Amino acid sequence: MEKIAINIIDVDGEKYAIDCVLDPALNLMEVVRDAGFPIGNCGGIALCASCHCYIEEERFFNLKSDLEEDMLDQLHDYNDNSRLICQIPLSEKLNGITITLKY
Ligand code: FES
């Protein structure tokens with residue numbers, strides 16, 4: 001099965017790179033959580049914001065649902081780069097992405 005690379009910057013600035021199998025049944029939060037990061041408290045239904053990340057790539061900015069926007073609006077550190085990564089399905093488009101965790 002095809003793999004993709006995900007770059008993660010943890011809350012302390014430490015950088016990690018993980019390779020994950022491209023399983024379209026998974027979302028980005030599940031892959032990062034399964035790599036050992038403490039996110040995903042609500043199980044991926046956009047209700048906890050533990051998976052809040054900054055993503056620099058502009059192509060991900062305007063893909064938020066109303067549900068995701070509503071949750072992000074409640075965060076003090078929400079900005080244009082913010083995403084709830086449980087709302088991002090795994091796809092080849094994510095290959096090489098860099099996310100900054102905000103939990
Ligand atoms: S895992 Fe709870 S909002 Fe994403």
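Leu28 touches Ile85, Ile88, Leu90 and Leu94, leaving aside residues up to four places away in sequence; two residues are in contact if their C-beta atoms, placed from the backbone, lie within 7 Å. The model is predicted: local features need pLDDT of at least 70, side-chain atom pairs count only at pLDDT 80 or more, and totals for chains, interfaces and linings use all residues. Residues are numbered from 1 along each chain as its sequence is written.

**Overall architecture**

- The chain holds two helices and five strands, where helices (H or I, at least four residues) and strands (E, at least two) are DSSP runs numbered from the N terminus.
- Read from the N terminus, the order of elements is β-β-α-β-α-β-β.
- The radius of gyration is 12 Å, close to the 13 Å that the globule rule gives for 103 residues, so the chain is as compact as a globular protein of that length. This radius is taken over C-alpha atoms, and the globule rule is 2.2 Å times the number of residues to the power 0.38.
- The C-alpha trace spans about 35 × 30 × 25 Å along its principal axes.
- Among contacts with a separation of 6 or more, 60% involve residues 24 or more positions apart.

**The sheet**

- Five strands form an open sheet with mixed pairing, in the order E2-E1-E5-E3-E4; two strands pair if DSSP finds at least two bridges between them.
- Strand E2 (15-21) and strand E4 (82-84) are the edge strands, each pairing on one side only.
- Strand E1 (residues 3-9) pairs with strand E5 (residues 97-101) in the parallel sense over four bridges, and Asn7 has Thr98 in E5 as its bridge partner.

- Of the 103 residues, 27% count as buried. A residue is buried if 20 or more other C-beta atoms lie within 10 Å of its own, exposed if 12 or fewer, and partly exposed in between; C-beta atoms are placed from the backbone.

**Leu84**

- Leu84 lies in strand E4 and counts as buried because it has 29 C-beta neighbours inside 10 Å.
- Its contacts, not counting residues up to four places away in sequence, include Ala46, Cys51, Glu68 and Leu72.
- The C-alpha atoms of Leu84 and Glu68 are separated by 6.7 Å, with the two residues 16 residues apart along the chain.
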